[in-house]
Amino acid sequence: MTKSALQIARAAYQPKLPKALKGTVKVSEGNPTQSIADQEAIQKLFPNTYGMPIIQFVESDEQVNYPAINVGVILSGGQAPGGHNVISGIFDGIKKMNKESKLYGFILGPGGLVDHNYKELTAEIIDEYRNTGGFDIIGSGRTKLEKESQFDKGYEILKELKIKALVIIGGDDSNTNACVLAEYYAAKNNGVQVIGCPKTIDGDLKNEMIETSFGFDTACKVYSEVIGNIQRDCNSARKYWHFIKLMGRSASHIALECALQVQPNVCIVSEEVEERNMSLDDVVTYIAQIVADRAAKGDNFGTVLIPEGLVEFIPAMKRLIAELNDFLATNAEEFAHIKKSHQREYIISKLSTENAEVYASLPEGVARQLTLDRDPHGNVQVSLIETEKLLSEMVGTKLAKWKEEGKYVGKFAALHHFFGYEGRCAAPSNYDADYCYSLGYTASALIANGKTGYMSSVRNTTAPAEEWIAGGVPITMMMNMERRHGEMKPVIQKALVKLDGAPFKEFASKRESWAINTDYVYPGPIQYFGPTEVCDQPTKTLKLEQTK
Ligand code: FBP
């Protein structure tokens, strides 16, 4: 593999570890835990892995002779910067405990376990991928690991390779499934431990014990760099409004963090739109008013940040999408035979009056995007909906009307951007490089101590890495019961933006001023080498959340 000078220098970077993980680790156990809700139902479903204590690793000089162990690892779902460091952390951890230990990677996600598609990850392979972005070391996939037949098929290969523990690196759904698998293997008493690791750029897998999911830090820094560049262009030419959609699926954490970093003129937060029961027209009017107010000062330019999942949070759109999901789930075949030119009319004829009206009011392109294939979880693929175009088109129409009425004087020219895939495989920031390596190393310590059904947890990460707290959290502790596809299921609760949380409050206190005044911040590219205040800063979201 040919490498750039930065890649070569970066490969030599030694990620920082919490002090407690540097020597032999000792386990300190807390009190038994409870799930966050629906305790009785969750306990019944997870009799072997419910109620376990929170674990913290503490320093020790005790000499322990660990037996060699074979471990398997899976990357599940969307890519997130730092995945390779989780794997190198697991590798270094198990090798430090016993150099005869081996690590196997399952290829292209959970499907690799079921299909028995794997490779041994040797020191030579691992060294090629240290501190790099991407998941290409073994690839990732979105196969859902949830059926007993898959668990049994997986066990066949685990047994053949003498794998005693499996680490699943994934988001809320993958970690829920990791917990179901841990429970299944524990009930079978087959000696396979399952450990989860919190991954997703979306930032929606977090709680009191999991401060952040890895990848969020780097992805937000990459998007903020590019938005900053756009803002500087925008403030130089002074003729465009940039509508920028940002990944994040349901939650608006990414849009909010980028807003805190770049101080745009507008940032929509989906969770607020839902809470205030805003209609699409309300959102459009809000943006159009800011465009008009800036135009009144002679500023016909600006930036609008839009979270990817917005449409699903507008109550009327949410109802429409829910009906469409149900309808398409049962009539997919009939719909597939309708000619493209008749699909819009066909859908309108099948929907309830209220939803048909909303659907008919949507621009052609967006209406079509709402009927495209669902993801494996049955959800609309929000990354395919061009919300940035939908909003700018509607803002343009409103401004034209206001112009006729003499309420607006100005020029409105819009440009569109969608940032998502650009940030998911970026080389991890120092924060993510260190955090991920520590998460992987912690996973190896959980394995060595015989734990299963735990998620690797590294906390206190706004302090220097030496002071980070490493341990494990029982996954059942993060669960509640939710309706999924008409059935009540145990799932890890998704963390959406809290409107009473410090990051949103900070944004809300500044947004009126940012709307009118051009107070852009240009964060610039991620720095890997240099002063710590430039290179090692966590996200603003995390800092604000951790400031008590
Ligand atoms: P995960 O939840 O699996 O981490 O994926 C997150 C994400 O990056 C979302 O932000 C985005 O909506 C989605 O993946 C896109 O999925 P795909 O990679 O399948 O296009």
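This is a predicted model: local features need pLDDT of at least 70, side-chain atom pairs count only at pLDDT 80 or more; totals for chains, interfaces and linings use all residues.
Reader: How far does a polar side-chain atom of Glu-308 lie from an oxygen atom of the ligand?

Author: The separation is 2.7 Å, which lies inside the cut-off and so counts as a polar contact. Tyr-421 likewise places a polar side-chain atom 2.6 Å from an oxygen atom of the ligand, while Gly-248 takes part through a polar backbone atom, 3.3 Å from a ligand oxygen. On its own the ligand has 480 Å² of accessible area, and the protein covers 83% of that.

Reader: Which residues come nearest to the ligand, and how many residues of each class does the shell have?

Author: Of the 13 residues around the ligand, the nearest are Gly-78, Thr-200, Asp-202, Glu-308 and Tyr-421. Sorted by class, the shell has 6 charged, 4 polar and 3 nonpolar residues.

Reader: In what order do the strands of the open sheet run?

Author: The 9 strands follow the order β1-β2-β13-β12-β7-β6-β3-β4-β5, with mixed pairing. At the edges are β1 (24-32) and β5 (118-120), each of which pairs on one side only. On average, neighbouring strands are turned by 25° against each other, direction ignored.

Reader: In what sense do β7 and β12 pair, and which strands does helix α19 lie across?

Author: Strand β7 (residues 193-198) pairs with β12 (residues 454-459) in the parallel sense, over 2 bridges, and Gly-196 has Met-455 in β12 as its bridge partner. Helix α19 (residues 430-448) lies across β1, β2, β3, β6, β7, β12 and β13, and runs at about 135° to β12.

Methods. Residues are numbered from 1 along each chain as its sequence is written. Side-chain values use heavy atoms; hydrogens and water are left out. A residue is near a molecule or strand if one of its heavy atoms lies within 4 Å of it. A polar contact is a pair of N or O atoms within 3.5 Å; within protein, one must be able to donate a hydrogen and the other to accept it, and residues adjacent in sequence count only if both atoms are side-chain atoms. Accessible areas come from the Shrake-Rupley method with a 1.4 Å probe; for residues, only the protein chains shown count as cover. Ala, Val, Leu, Ile, Met, Phe, Trp, Tyr, Cys and Pro count as nonpolar, Asp, Glu, Lys and Arg as charged, and the others, Gly among them, as polar. Two strands pair if DSSP finds at least two bridges between them. Helices (H or I, at least four residues) and strands (E, at least two) are DSSP runs, numbered from the N terminus. Axes are lines fitted to C-alpha atoms, for helices over the stretch in contact, and angles run from 0 to 180 degrees between N-to-C directions. Contact means heavy atoms within 4.5 Å.
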